[in-house]
Amino acid sequence: MTTLTEAPLASEVLGEPKKRRNLLPYILLAPGVLWLVIFFLIPIITAVSASIQTGSLDMGFKVTWNWANYSSTFSTYNTEVVHSLIYSVACTVICLALGYPLAYFIAFRGGKWKNLLMALVIAPAFTSFLIRTIAWETILSDHGTVVRIMTDLKITNLMDHLGLITGNHVLNSPFSVVFGMVYNFLPFTVLPLYTSLEKIDPRLHEAGRDLYCSGYRTWRYVTWPLSLPGVIAGTLLTFIPAVGDYINAYMLGSPNTQVIGQVIENEALRDVFGYPIASAMGVILTFGTLAIVLAYVKKAGSEDLL
Amino acid sequence: MNTLDAVGDLRLTGLTKRFGSFTAVDDLDLSIPQGSFFALLGASGCGKTTTLRMVSGLEDPTAGRIFIGDTEVTTTKPYKRPVNTVFQNYALFPHLNIYDNVAFGLRRRGVKDVKKQVDDILALVELAHLAKRKPTQLSGGQQQRVAVARALINQPQVLLLDEPLGALDLKLRRQMQIELKRIQTEVGLTFVHVTHDQEEAMTMADTIAVMNAGRIEQLGSPEELYENPATTFVANFLGQSNLVAGTVTGKEDGVVTVDAHGHRIALPAARSRVESGAVIIGVRPEKVELIAATAEVPAGRNVLTGGVVSDASFIGVSTQYLVKTPWGQELSVFEQNTGKEIFRPGTEVALHWDASQTFGLDGSQDIEAGAEIDDEAAK
C-alpha cells in the first residue's frame, strides 16, 4: 500500500516542470501567431467583409451582402485583371529565361567569384524599389540616349510592329511596364535558382555524360529535374509580387496599361464610394493568386513538368 | 553480348596529362587484355584517377592516345565511348528511383523496352526488391551495387571503377570485393579498378599496376609484385618490407652474395635486380624468424645478428616485433603463433630467414620510398 500512495506523489512532484515544458512551444509560437492574427487574419476578414458592404465615407458602410460588388468589378475592370495576369506571367517567364542561365553560370562556372557575382545580382536591391523605377523612367524617356540608339537601330520600328510600343515612344507602353517588372524582380528568380543549382553535385553531370548524355541531354535529364524546386520557388517568388505590383505600371506605363493594383488604389483613395469595390478586388487578387499558385504547385509537384 | 567477340584490349600509348606545371600522368604505356580484372594501385595524387578519367573521356589527355580494340577513342566524347564508370561516391541520380537509375543509360540510347534487362541486372546485384526506392533510402553497400548495375547494364567494353569501395566500412568492403569479383567473372567484361588499398587490389585483380608520380612502377600479378618487387617503392607500398643496404661481393652458381653491415647475405640471382655494386636486400616480415642471441643459427639461412627487440605486440594469431639493428634500423618480424616463446622488449636476438626468400633491389634508390604513403593510405 505504501508504494501505491507514494507513486502519485512522485508524479505530482514531477508534474510541475513537465507542464511548463509543454507550454514552451506555445509561448515561442505566440508572437508569430499574434503577428499573423493582427496583420493577416484581421485584415483579410475586414477586406472580405468590406467587399460585401454598401455605403460611402460620409454615411458610413454597412454589410449588406452586396455580392454585386464582385460582378461589377469583373465587368468594369476585366481589362485591368487581364493586364495584371499577362504582365506578371510575361515577367515570370522572361525572368526565368534570363535568370536560369545566369544562375547556372554562377553556380557551375563562377568558381571563386560565386559569392561576388551573387552579391552583384542582389546589389540593386540596396537602392529603394521606387527610386530604381523612377531611374528607368528617366533612362527610357523619349530624349534619352537609349531610345535614340534604339531608334537609330530601327529596334523601335520592330517593336512598334509587334505592338509592344507606340511609334518611337518606349516609355508608357506594355513593353516598358514588363521591362521594369523584369528588372525589379529578377533577383527573386535568380536567388532560389542559384541555391538549388549550386547544391547539385557536379559529379552527377559526369555520371550523365558517362551514361550517353550530351551536354544538352545531361541538362535535360539530370540538371533540370534536380533544379525544379528552385524553378518553382523562383517563379512563385517572382509571380506573386508581380501580379499585385502596380508601381511599374504606374511609373513606366500609361492609362492603357493599368493593372488591378492601380484600380484598387484609385477606388480606395479617390472614390468616396469605392471602398467595397476596392476590397472586392483585393479579395479577388489574393484568392485568385492563391488558386493559381496552388494549381501550379500541384502541377509542378507531379512529373508533368519534367 | 556481341561486343565481347571483338578484340577489345584497352591500350594506352604515351598517355600524358598536365595540369599547369604539374604532370599528373607521365607518358603512360599500358595494355589491358580484354576480360581481365586490372587494378591501378597507388597513393592519392599518383595519377591513377586521372588515368581513369582520360579513359572515360571526362578528362582530355595532354598527349598520347587511347585505343579500345582497334578503335581510337582519344578524342571521342565520353557519351559515345563503349566505357562506363562506377564513380567513387556512386553519383546516383537522387531524383530517380533505383529502377530508373539503372535504366538511365539504356533509355538515353533509345532502347524502348528496358524492363527485362533492368530486372536481370538488378537480380545480378541482388537488389530486385528495392527497385522502387530512392538512392538515399539505401545503405552504402546497396548504393554501391546500384552504381555497378547502372554501369554494367550498358554492356560496356571496359568498366571503370574509381575507388568503388572507399566509402564502405571494412567488413562490407571485404564482402563487396568478393561480390565484384563474382560479377566480373560472370559477365566477363574488362574491369579497370582504381584503388589506394593494396589489399583490395590484391584480392580482386588479375593484374596490378603500381603507380607512383604519374608513372607505372611495376606491373604484374599480385604474387609477382609481392614476392619480387622491382623498386623500393613497390616493396614498401605493397605490404611491408625489411630493406637493408649492402654491397654485392660476388656471384656464383645462381647465387649473389652481399655484404650488409658486416653480415654475409645470400640471395638467388634470379631475384636480384643488380649483380654488382650497391644493392638493397629485402625480405618480407612474415618470412623472418627470431632466435635468442645466444642460440645457434640453423645452417643455410641468412642471419642478421646483434638486434634488440624494441617492441613486441601479441595479436593472437601472430606476434609483431620491431627489432633495432646495431646500425639503427628498425626491422619488423611477424611470427606466427606456433607456441614459441615470445621475446620481451630489450631481449637481444638474431634474425634469420631462408636465403631463397631474399630479393635484391637497385641500391641507388631511396630505401624509404613508398613507406610513409602506405601508412597514410591505410588509415
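In chain B, five strands form an open sheet in the order β15-β19-β16-β17-β18, with antiparallel pairing; strands here are DSSP runs of E of at least two residues and helices are runs of H or I of at least four, numbered from the N terminus, and two strands pair if DSSP finds at least two bridges between them. This is a predicted model, in which local features need pLDDT of at least 70 and side-chain atom pairs count only at pLDDT 80 or more, while totals for chains, interfaces and linings use all residues. Residues are numbered from 1 along each chain as its sequence is written, and chains are lettered from A in the order in which they are written.

Strands β16 (residues 301-314) and β19 (residues 348-354) of chain B run antiparallel and are joined by 6 bridges. Val308(B) has Glu348(B) of β19(B) as its bridge partner.

Chain B is divided into domain 1 (2-227) and domain 2 (232-378), with bounds from an automatic or database domain assignment. Their C-alpha centres lie 37 Å apart. On the side of domain 1 that touches domain 2, the elements giving two or more residues are β9 (207-212), β10 (215-220) and α7 (222-227) of chain B.

Now to the helices. The axes of α2 (residues 98-108) and α4 (residues 140-152) of chain B come within 7 Å and cross at roughly 30°; axes are lines fitted to C-alpha atoms, for helices over the stretch in contact, and angles run from 0 to 180 degrees between N-to-C directions. The two helices are therefore roughly parallel to each other, a term for angles under 35 degrees. Ile98(B), Asn101(B), Val102(B), Phe104(B) and Gly105(B) of α2(B) make the contact with Val146(B), Ala149(B) and Arg150(B) of α4(B); residues are in contact if their C-beta atoms, placed from the backbone, lie within 7 Å.

The table sorts contacts by class; Ala, Val, Leu, Ile, Met, Phe, Trp, Tyr, Cys and Pro count as nonpolar, Asp, Glu, Lys and Arg as charged, and the others, Gly among them, as polar.

| Contact | Residues by class |
|---|---|
| α2(B) with α4(B) | 5 nonpolar, 2 polar, 1 charged residues |
| Side of domain 1 of chain B that touches domain 2 of chain B | 4 nonpolar, 4 polar, 2 charged residues |

Key
Angles under 35 degrees count as roughly parallel, over 145 as roughly antiparallel, 65 to 115 as roughly perpendicular and the rest as oblique. Two residues are in contact if their C-beta atoms, placed from the backbone, lie within 7 Å.
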